[in-house]
Structures are given as C-alpha cells and as structure tokens.
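Please look over the structure shown below before reading the notes that follow it. The briefing is arranged by topic.

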Amino acid sequence: MENVHLAAEDEDDLYSGYNDYNPTFDSEELDNDVGFQQAVRTSHGRRPPMTAKFPGTALGGRPIGTSFGSRMPMGSSMGRPTTGAVQVRVYSAFLGMAQSMDGAARPMTAVRAAGYSSSLARGSTFDPLGQSRGPAPPLEAKNEDTPEEKIKILEKKVNDLIEESCLAQGNGDLQLALEKAKEAGRKERALVRQREQTGTADHITLDLTYSVLFNLANQYANNDMNTEALNTYQVIVKNKMFNNAGRLKVNMGNIYFKQKNYPKAIKFYRMALDQISNAHTEMRIKIMQNIGVSFIRMGQYSDAITSFDHIMSESPNIKTGFNLILCYYAIGDRERMKKSFQKLICVLLGIDEEDKYISPNDDPHTNLLIEAIKNDQLHQMERERKALAEKYIMTSAKLIAPAIESTFAAGFDWCVDMVKSSQYVELANDLEINKAITYLRQKEFNQAEAVETLKTFEKKDSRVKSAAATNLSFLYFLEKDYDQADRYADLAMNADRYNPAALINKGNTVFVKEDYEKAAEFYKEALRNDSSCTEALYNLGLTYKRLGRLEEALDCFLKLHAILRNSAQVMYQLANLYEMLEDPHQAIEWLMQLITVTPTDPHVLAKLGELYDNEGDKSQAFQYYYESFRYFPSNIEVIEWLGAYYIDTQFCEKAIQYFERATLIQPNNVVWQLMVASCYRRSGNYQKALETYKDIHRKFPENVECLRFLVRLCTDMGLKEVQDYATKLKKVEKMKEIREQRVKSGRESSARGRREGSASSGGSPNPIHMPPYKPSDVNIRADYSVGMLGSILSPIQTPPKKPNVSHSETNHSPALERARDSGQSSHGTSAKGERLSVKLRSLPGSNEPYEASSQRDLDASYVDPLGPQMERPKTAAKKRTEEDEFADEELGDDLLPE
C-alpha cells in the first residue's frame with residue numbers, strides 16, 4: 001500500500017500547471033548545456049534508469065515518460081545524468097504533458113481513472129468525489145453590458161408592458177391601459193434603433209412591432225380617441241410586411257360606425273371582406289352582419305335585407321333573423337314577415353337538451369357530477385343563449401302581430417300557432433299571457449278578452465297558472481275589487497309559492513285591509529325568494545312606517561336607495577322618515593338630493609321651504625317657496641306663506657298680488673279679500689281699501705268684520721255713509737245674538753230631556769220631540785290665524801260650550817301649526833305674534849247666517865287682521881314720538897250703536 005498514490009487534499013485543480021514554465025524544456029539552450037552535450041557523446045545517457053529505488057504500482061516499476069509522478073532524472077554511477085530520461089522529458093514537453101519544477105508530474109487524462117491522481121504526496125486521504133474541497137464556486141454573473149443582452153432585456157420589457165396594458169383594460173382602467181400601451185410603443189422604437197446601431201436590423205421582430213401597434217390602436221379606440229386609433233390602424237394596414245393586416249379594416253369600420261359615418265364604415269367592411277378568404281366563413285358572416293346593420297341605420301332596408309337573406313341562407317342565427325324581421329316590418333311586407341318569423345323559430349341554438357342534467361339512477365358519484373355541471377360556465381352560456389332566443393322571438397311576435405293580420409288578436413293567434421309547432425313550445429303560453437297584457441296596456445278594461453285569456457290558464461301547468469293569476473290579481477286590485485284580487489293572489493301562491501309577484505299582490509290586499517303585520521310577513525317572504533325585488537322592499541318600508549317602526553322603515557329605504565340610486569319616491573320617503581325622527585338636517589339633505597332628480601316638483605320645493613322656515617332660515621325658505629309658486633301657482637299654503645312673508649318684511653304692496661290670487665282660487669272665502677283690503681290700508685291707499693271693503697260688503701252683506709272696518713274707515717275719512725254702515729252692523733250683531741240664544745236654549749232643553757229619559761229607566765210615555773240637528777242651529781266660532789298670520793280655515797261648527805276649536809278638529813296648514821306652537825293664542829299674543837297673527841272672531845262661512853256669540857255691547861272697533869303695523873327702522877338720530885294716526889279724531893256717540 002505504500003506504493004499506492006492518493007490524491008493530495010490540497011490538490012484543487014487537476015489540470016493546473018499547464019502554463020507553468022520549466023527551464024528544463026528550453027531546447028534553445030541545449031547547445032550550451034555542457035552536461036547535456038557530454039551525455040549525448042557518452043553512453044551514460046543510454047543506461048536504463050534504476051526504477052527499483054522508486055515506488056511503483058502493484059505491477060512493478062513505471063516506465064519513464066508516463067504520468068508517474070515528480071522525480072528528477074537519476075545520474076549514472078559516474079555522476080552523469082541519464083540521457084534517456086532527458087530525452088523522454090523533451091518528448092513529453094512537445095506533447096504538452098510537461099512536469100512542473102517541483103517534481104509533480106501532470107496526469108495523462110486520456111488514461112487516468114476518475115478520482116485518482118498521479119501525485120506521490122504522502123498522507124492524502126481517499127476522496128474520489130472531491131467533497132473535501134468545499135462548496136463549488138458561485139456561477140459567474142452574466143454580463144449584461146453586451147448589446148445582445150440589452151436587446152433581450154428591452155424586448156422583455158416591451159412584452160411585459162403589453163401584458164399590463166391588456167390586464168388594465170380587462171379591469172376597466174382604460175386610462176392606465178392607454179398609458180402602458182404608449183410606453184410599450186416608446187420602448188419598441190428604442191429597441192429598433194438599438195438593433196440598427198448594432199447592425200442587427202435583420203433580426204427585428206415584426207410580431208412584436210405588430211403587437212405594440214395593434215394594442216395601442218385598440219386602447220385609443222377604447223378611450224374614444226378615434227382619430228389616433230384610425231391613424232395607428234392605418235400604419236399597420238399600409239405595412240406590407242405584416243401578414244393579414246387587411247383584416248384590421250373591420251376595426252376601422254367599427255370606429256366609423258361608432259362615429260355614425262355609416263357609408264365609410266360599409267366601405268371598410270367591404271374592403272375587409274375582400275381580403276378574407278372563403279375558408280373563414282364565420283368571420284365573413286359577422287362582417288356581413290355589420291354591413292346589414294349599417295344599412296339599417298342609413299334607412300336602406302332593401303340593401304340590409306340582401307345581406308341578411310344571404311346570411312340566413314348560409315349560416316342562420318337568431319340575431320340576423322330578428323334583424324330581417326325588423327327590415328320587412330319597416331317596409332310593410334306581411335308575407336315575408338311571416339316567412340322570416342318561421343325561419344327565426346327554426347334556427348338551431350346548438351345547445352344540449354336538459355335531460356342530460358337529470359340523474360338516471362341514484363349513483364352518488366353520478367349525481368355529484370351532474371350537480372357540478374348544472375352551474376358550470378358552459379351551462380350558463382347555454383341558458384343565456386336560450387333566454388336571448390326567447391326574448392327575440394317574443395319581441396318579434398309582439399311586433400308583427402298587429403301587422404300581419406287585420407286584427408291584433410288574429411295576428412297573435414297565428415304567432416302562437418307557429419310557436420306551438422316549433423322547438424319553443426313553452427313560449428306559446430307566454431305569448432298568450434302577453435296578448436292579455438297587451439289588452440291591458442291598451443286600457444281595454446271593459447273588454448272581456450284580457451280577463452278571459454288569463455282565466456284560461458287556471459288549468460294549465462303551475463308556472464303559467466301562477467303568472468296568469470298574478471296578472472289577474474293585479475288587474476282586480478287596480479279596479480279596487482280587493483276580494484277578487486285576494487282570491488287570485490291565493491291561486492297564484494298555491495301554484496307557485498316562490499313567485500315574488502304573487503306574494504306582493506297578496507301583501508297588498510292585506511295592506512288595504514290595514515292588517516300591516518300580516519302584510520309585512522308576505523313582503524318578507526317575497527324578499528326571501530328574490531332579494532332584488534324592489535317592490536317588496538318598498539312596500540315593506542311603507543308597512544313599517546304605518547306600524548310606527550320608523551328605524552326599520554328607514555333601513556328598508558336605505559337598502560332600496562342602494563339599488564335604485566335615482567328613485568324620487570325612495571328619496572322622498574327617506575326625507576319624510578328623517579322628519580318624523582326629528583332630524584331636519586338629514587331631511588333637508590335628502591330633499592336637496594331629490595330636487596336634483598326632479599327639479600320642478602313644486603311640493604318638494606314647498607317642503608324644503610317649510611323645513612327651512614322651521615329652522616328659522618327665512619331667506620332660504622322664501623327662495624324655495626317662491627320656486628314652488630312659480631311651478632304651481634295654485635297652492636294655497638304657498639300663497640299664504642309668501643303673502644305673510646311680505647307683510648312681515650313691510651312690503652304690503654307685494655303681498656297684495658298673492659292674496660288676490662288666493663281670492664281667485666277661493667272666491668267664497670271672505671278672509672282673503674279682507675287681507676287684500678288690509679294691505680291697501682296699510683300701504684296708505686285708503687281709497688282703494690274703502691272700495692275693496694265696499695265690494696266685500698256687497699258680496700258678503702252680513703260679514704261683521706267688514707262692517708266694522710267700513711265704520712272705522714268712513715269715520716276716519718269723514719264720509720256720510722258711516723251711519724248706514726253702523727246701522728247695518730247693529731242689525732247683524734242683534735241677529736247673531738238672537739240666533740245664538742235660540743241655539744243655546746235648544747241644546748239645554750235637549751240635554752235636560754236626555755237626563756230625564758235616563759232617570760226614568762226606559763223613557764217617559766210622552767217623549768219630548770227635539771228639533772233635528774241643523775248646521776244653522778249651531779253656534780259658529782273659530783279662531784283664525786293666517787300664515788305667519790295663520791291658516792285661513794273654513795268655519796268649524798262647535799257647540800256653545802266649546803268656543804275654541806281644538807287642533808284635532810281642524811285641518812291646519814303648517815303655517816297655522818307653527819303659529820299655534822309658537823304660543824299665539826286667540827286672546828293674547830307674544831311680541832312676535834302681535835306682528836304675525838291676529839284673531840278674526842266669529843267669521844262664518846259664505847253660506848252661513850251670522851249670529852252674535854254672546855250678549856255684549858256693540859263694539860265698533862276693529863282689529864287689523866294683519867296685526868299691528870311694525871315700526872319702520874329709524875334712519876336718523878332724532879327721537880321720534882309715538883303718534884296715533886287717529887289721535888285727533890273723536891268718534892261721536894251718534895255713530896256708535898246703542
């Protein structure tokens with residue numbers, strides 16, 4: 001084993017030493033080498049080497065010249081070097097297998113065994129796999145500075161940008177997609193320039209250039225940059241190096257179609273059609289469809305019919321058949337309409353039968369597979385295609401039914417017969433239901449056709465029966481025949497419990513009977529069956545509102561608003577609920593959103609004015625009340641508020657026009673005419689005020705307030721008619737007093753008779769016959785507050801014991817409610833009430849006799865119905881003294897009633 005050579009541990013490279021220089025092999029100096037020349041001339045160099053002294057292999061000593069190891073040439077017995085060894089070394093040098101200066105011989109790789117070394121180093125371990133050398137050195141980094149590497153990196157960036165642009169378009173971010181497409185174009189141009197600079201222009205990738213330009217043009221078109229898109233497509237089409245670039249003229253035609261430039265669109269469609277071979281049948285059919293649709297938009301129905309007829313003969317489809325029917329309908333060709341309809345219902349959809357989704361046995365594995373494919377994307381696509389075909393057939397039938405026959409019913413019957421004999425048998429029942437609904441839309445409620453048509457479905461299958469009964473229930477509900485509506489709603493529910501429309505109709509019939517809890521249950525069940533049923537959600541909100549569950553109603557309408565963003569009804573309900581919840585700011589916010597949808601709704605504008613008035617913002621309230629008045633000048637509450645607003649701001653002249661309009665709307669209400677007269681008086685036009693009062697007296701001769709005003713004005717103006725008016729006033733007061741006494745005594749007798757009758761336990765044998773209750777026998781007394789003056793109400797009939805009208809007995813306007821809530825009373829007013837309200841006592845209706853409310857002295861004084869006049873703002877520093885305009889006047893005793 002001592003002669004076995006093991007590889008040294010420090011031997012890192014098996015092939016090291018090739019470049020080392022050994023002076024022994026320097027043949028140029030051999031002529032000057034004395035030892036070499038002497039060896040050549042003598043026989044010492046020819047002696048064989050003494051190999052026994054050197055360790056060899058198991059087979060014995062090694063011959064000179066192999067990769068035995070490092071050893072120096074041995075000298076002869078005379079001390080001379082062995083020439084044979086030198087000759088071998090020289091020969092080895094020429095073969096490139098030289099030995100190093102330290103004596104280590106280079107291995108001969110052609111015959112060396114794997115893992116072994118010819119080194120004679122002692123103490124080395126056996127490591128044929130070189131595991132003791134440690135980990136392999138890291139791979140050398142690729143040099144990216146070379147032109148080819150730079151070009152490859154740039155190409156990868158361009159491809160990544162195209163991919164990012166397509167993904168952005170798929171996500172709907174069209175602007176980002178366009179930016180990425182532009183950046184890809186810039187990178188691609190830089191790539192082309194770099195290839196030209198490196199002299200590799202022949203290796204330019206045309207596919208990459210085509211992809212960049214096509215994506216850029218597509219993104220331009222998506223962003224409605226049509227001119228840029230057309231220019232980019234033109235660059236592609238004109239480049240002859242791009243194969244099949246002529247097909248892109250279809251895209252150019254689509255852009256012209258979008259721009260409504262139909263002649264040019266047809267031109268490009270035809271150019272694209274010429275460049276597509278007949279082998280691409282489907283693409284040619286689609287281009288011809290585009291040509292036909294373009295002709296329809298241009299009104300050239302004959303040319304469109306030519307294109308559609310060719311398509312229906314080559315490769316019929318539902319959409320083309322429908323367009324063909326539209327063209328024949330436009331030109332009024334009855335027979336061809338019928339033929340086209342027959343072609344339409346014969347088009348094959350290419351979808352599988354539903355039977356394959358029915359399990360033939362109870363194998364759980366098969367059932368699981370069927371359940372999996374029932375809702376896969378392929379089945380969804382089949383359902384969508386079938387639904388689209390049914391939609392086109394139904395629309396076509398409803399369109400041509402009145403045109404193909406003399407009557408609408410006959411045409412519909414022909415369509416139904418055709419459908420029954422086709423693959424769309426189930427559509428026949430739907431067509432008949434649509435026939436009945438068409439009758440209803442034509443408002444032919446008195447004809448029995450619609451009802452009879454729907455009633456024929458009572459014995460049909462459950463789905464059709466439920467649809468027909470739902471329509472019948474709705475029809476009877478509109479006619480307010482709630483019993484029949486309830487009956488057919490039950491029938492529809494029994495036929496199909498999961499029909500949300502039937503449940504809604506049932507809930508409506510219960511709602512009108514004021515059984516709100518039960519109605520809410522039906523609406524909830526409809527929502528469970530169809531969570532997107534907006535009618536059920538709206539009705540449920542109304543039901544909660546009636547039940548006083550305002551928070552739940554608010555939640556319903558907020559959900560509904562998320563579905564119907566621009567529904568005016570939903571927004572109004574939200575505003576009304578917030579007002580009921582005493583959150584006026586939210587109510588105003590929703591009403592502001594509402595007027596963006598319906599800006600001319602006068603009631604919404606008036607409601608906004610009312611809310612702002614309640615908040616104390618008079619300027620905003622005036623703005624919305626005035627807008628409401630512009631759109632609807634007959635709203636008495638708005639007129640009343642505007643008139644009161646101008647009186648409050650000391651512009652009585654402007655208030656006159658509003659009260660005059662109120663007089664036109666309610667000519668029998670004396671209060672508006674009194675307001676007009678008072679405005680004239682307060683504005684200083686006493687003559688006009690007197691004429692107005694006289695005119696009121698002619699129309700209402702028994703009006704006490706008018707007579708009082710006439711007495712006072714005539715007195716102030718020194719007119720002779722004052723005595724006549726005073727006499728009339730006295731007579732009217734006495735008549736009212738007598739009538740009031742009569743009513744009072746009659747009521748006392750009636751009450752005494754009732755007490756006696758109850759005390760006798762069954763009544764007396766001689767019953768007291770009381771006079772019948774008549775409105776004229778009732779004392780009439782009402783408190784009037786107008787606008788900010790209060791609401792002018794018609795007289796309220798009350799017993800004598802209740803001289804004041806309660807809030808629950810009258811229909812107050814909002815202005816009157818505000819006046820009452822702010823503390824205004826009929827006997828005393830606050831500082832604000834003195835300006836805004838006044839009590840008009842004992843004002844009867846236009847057709848009622850006038851009575852004195854109590855026995856009292858005749859009072860000829862009057863109270864201004866507009867309240868005391870406000871003091872004008874002071875414009876000077878001088879202190880003014882309060883003066884009574886009638887201070888110098890004295891009312892003579894002869895002018896006053898006795």
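The model is predicted, and a search of the whole structure finds 23 salt bridges.

**Helix packing**
- Helix α11 (residues 318–331) packs with helix α14 (residues 377–404) at an angle of about 15 degrees, and their axes are 10 Å apart, which makes α11 roughly parallel to α14.
- α11 passes α14 in a left-handed crossing, and the contact is made by I318, K319, F322, I325, L326 and Y329 of α11 together with A389, Y392, T395, S396, L399, I400 and A403 of α14.
- The residues of this contact between α11 and α14 divide into 10 nonpolar, two polar and one charged.

**Surroundings of S466**
- S466 lies in helix α18 (residues 462–478) and counts as buried, at 1% relative accessibility.
- Leaving aside residues up to four places away in sequence, S466 touches A492, A495, D496 and N499.
- From C-alpha to C-alpha, S466 and A501 are 9.4 Å apart in space, although 35 residues apart in sequence.

**Salt bridges**
- The side chains of E164 and K180 meet in a salt bridge (3.1 Å, N to O), a pair that links distant parts of the chain, with E164 in helix α3 (residues 147–170) and K180 in helix α4 (residues 174–198).
- R630 and E627 also meet through their side chains in a salt bridge (2.8 Å, N to O), and both lie in helix α27 (residues 618–631), three residues apart, about one turn of the helix.
- D486, D490 and K506 are linked in a network of salt bridges.

Technical notes:
Residues are numbered from 1 along each chain as its sequence is written. This is a predicted model: local features need pLDDT of at least 70, side-chain atom pairs count only at pLDDT 80 or more; totals for chains, interfaces and linings use all residues. Side-chain values use heavy atoms; hydrogens and water are left out. Axes are lines fitted to C-alpha atoms, for helices over the stretch in contact, and angles run from 0 to 180 degrees between N-to-C directions. Helices (H or I, at least four residues) and strands (E, at least two) are DSSP runs, numbered from the N terminus. Angles under 35 degrees count as roughly parallel, over 145 as roughly antiparallel, 65 to 115 as roughly perpendicular and the rest as oblique. A crossing is left-handed if the near helix is turned anticlockwise from the far one by less than a right angle, and right-handed if clockwise. Contact means heavy atoms within 4.5 Å. Ala, Val, Leu, Ile, Met, Phe, Trp, Tyr, Cys and Pro count as nonpolar, Asp, Glu, Lys and Arg as charged, and the others, Gly among them, as polar. Buried means under 20% relative accessible area, exposed over 50%, partly exposed in between (1.4 Å probe, protein chains only). A salt bridge is a side-chain nitrogen of Lys or Arg within 4 Å of a carboxyl oxygen of Asp or Glu.
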